Amino acid sequence: MIVASATFAADLYRLRPLPAGVDPSAVEAPPADVRIVTSDGSSIPAHSSVLGSASATLEQMLDRPSKKWKSEKIVSILGVPSDAVLTFLRFLYSSRCSDEEMERYGIHLLVLSHVYCVHSLKQRCTRELARRLVVENVVDVVQLAKLCDAPDLYLKCMKLMSNDFKSVEKTEGWKFLQKHDAWLELEILQFLDETESRKKRSKKMREEQSLYLELSEAMDCLEHICIEGCTSVGPLDKEPSKSKGPCKSFSTCHGLQLLIRHFATCEKKVKGGCCRCKRMWQLFRLHASVCDRRDSCKVPLCRQFKMKMQQKKMGNDARWRLLVRRVVSARAVSSLSLSSTKRKRSETRDAIAMGALLHES
């Protein structure tokens, strides 16, 4: 129990922020006109003007007509320790709270700040409780975050539980939740299921994007081989140079060259029984679908595929059109990324050169 002395209210009043150069001990405190009663019967004197300016809820309570007060204004703050109430009052006066007090009474202060609409304290409690989250207390904190309408803290708790739910399941807090709050348990399990589904979708999208980037790179390599030539395969009017070094995408380019050489000599492709030739055929078709050159393209079968697509509407397959759009999009993204990288390198070189000139001068 807190026993308030005669100077207790004056000491509280002097905690208020004062202009620079003003001595707090020289400030004359007005008499206390309200008492805060806690669960253990403690009675803490305070000033209604300070409480009302810090909390809209307390202001409404204290501004009730005087007929409703018997002798003096009394506000009961129950359900939390008296020391937590005192820490809360100190914050209302000073707008400050020590790390030690936050560690000891953070949960109680979050409840009080929510009930009495002290937003600055609520934000501080939310940050500190999120920083101190561990598997052992996360279930208790998520219940509190839901009750106190603290979405940032609630989401932080949910993410922690989704990352290590097997450990959370073993805690006493989770066992208690299963017995007494089936709705929150269902909400948490739904969140975990949605998180897992999002991870699977993201993984699938990354895999698909990787495939589209590989096909985009294959299109670039195909044009490079058929127009410029590479180590072992080149256009008809050029002999492949053995002294020529590997290109920047040599792993893809080398595999494509082997595929082209096989396609040129394979006898099964006439009957349509060779899987490698079918793959090469699809690459030629894909190139024709993304190629924007009319008659000047040197890639084999490009013109023939374009004519077939125009005459027989060969490209009307919805899945094929989607594949073409994705590959075109991947090429655009790759091109933008390459341009950005080159620009950054150029800016870095310019900055280094400028720095060297300034140093010399």
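Let me start with a definition: two strands pair if DSSP finds at least two bridges between them. Helices (H or I, at least four residues) and strands (E, at least two) are themselves DSSP runs, numbered from the N terminus.

Hello everyone, and thanks for coming. What we have here is a predicted model, where local features need pLDDT of at least 70, side-chain atom pairs count only at pLDDT 80 or more, and totals for chains, interfaces and linings use all residues. Residues are numbered from 1 along each chain as its sequence is written, and side-chain values use heavy atoms, with hydrogens and water left out.

First, the overview. The protein has 15 helices and 3 strands. Of its 361 residues, 37% are buried. Here buried means under 20% relative accessible area, exposed means over 50%, and partly exposed is in between, with a 1.4 Å probe and protein chains only. When I say contact, I mean heavy atoms within 4.5 Å. Among contacts between residues at least 6 apart in sequence, 58% join residues at least 24 apart.

Now to the sheet. In what order do the 3 strands lie? The order is β2-β1-β3, in an open sheet with mixed pairing. At the edges sit β2 (43-46) and β3 (73-76), each pairing on one side only. On average, neighbouring strands of this sheet are turned by 30° against each other, direction ignored. For angles like this one, axes are lines fitted to C-alpha atoms, for helices over the stretch in contact, and angles run from 0 to 180 degrees between N-to-C directions.

Let's take the two pairings in turn. Strand β1 (residues 34-37) pairs with β3 in the parallel sense, over 4 bridges. Look for R35, whose bridge partner in β3 is I74. With β2, β1 pairs in the antiparallel sense, over 4 bridges, and there V37 stands opposite S43. β1 and β2 form a hairpin with 5 residues between them, and in the turn G41 has a positive phi of about 90°.

Please find S39 too, in the loop between β1 and β2. Is S39 buried or partly exposed? With a relative accessible area of 45%, S39 is partly exposed. Not counting residues up to four places away in sequence, S39 touches I77, L78, G79 and V80. The C-alpha atoms of S39 and V85 are 9.7 Å apart, although 46 residues separate the two along the chain. Across β1 and β2 lies helix α4 (residues 82-94), running at about 5° to β2.

On to the helices. Two packed helices are described by the angle between their axes and the distance between the axes. Helix α7 (residues 138-147) packs on helix α11 (residues 182-227) at an angle of about 100°, with the axes 12 Å apart. That makes α7 roughly perpendicular to α11. On the scale used here, angles under 35 degrees count as roughly parallel, over 145 as roughly antiparallel, 65 to 115 as roughly perpendicular and the rest as oblique.

Which residues meet? V142, Q143 and K146 in α7 meet L184, E187 and I188 in α11. By class, this contact of α7 with α11 has 3 nonpolar, 1 polar and 2 charged residues. For the classes, Ala, Val, Leu, Ile, Met, Phe, Trp, Tyr, Cys and Pro count as nonpolar, Asp, Glu, Lys and Arg as charged, and the others, Gly among them, as polar.

How enclosed is α7? Because 7 of its 10 residues are buried, α7 is largely enclosed by the rest of the structure. The buried ones are V138, V139, V141, V142, Q143, L144 and A145. Their cover includes α5 (99-115), α8, α9 (165-169), α10 (172-180) and α11. Just after α7, D149 takes a positive phi of about 55°.

Helix α8 (residues 151-163) also meets α11: their axes come within 10 Å and cross at roughly 65°. α8 and α11 are therefore roughly perpendicular to each other. Y154, L155, M158, K159, M161 and S162 in α8 meet E187, I188, F191, L192 and T195 in α11. That contact of α8 with α11 has 7 nonpolar, 2 polar and 2 charged residues.

One last stop: R124, in helix α6 (residues 119-131). R124 is buried, with a relative accessible area of 17%. Leaving aside neighbours within four places in sequence, R124 is in contact with C97, S98, D99 and M102.
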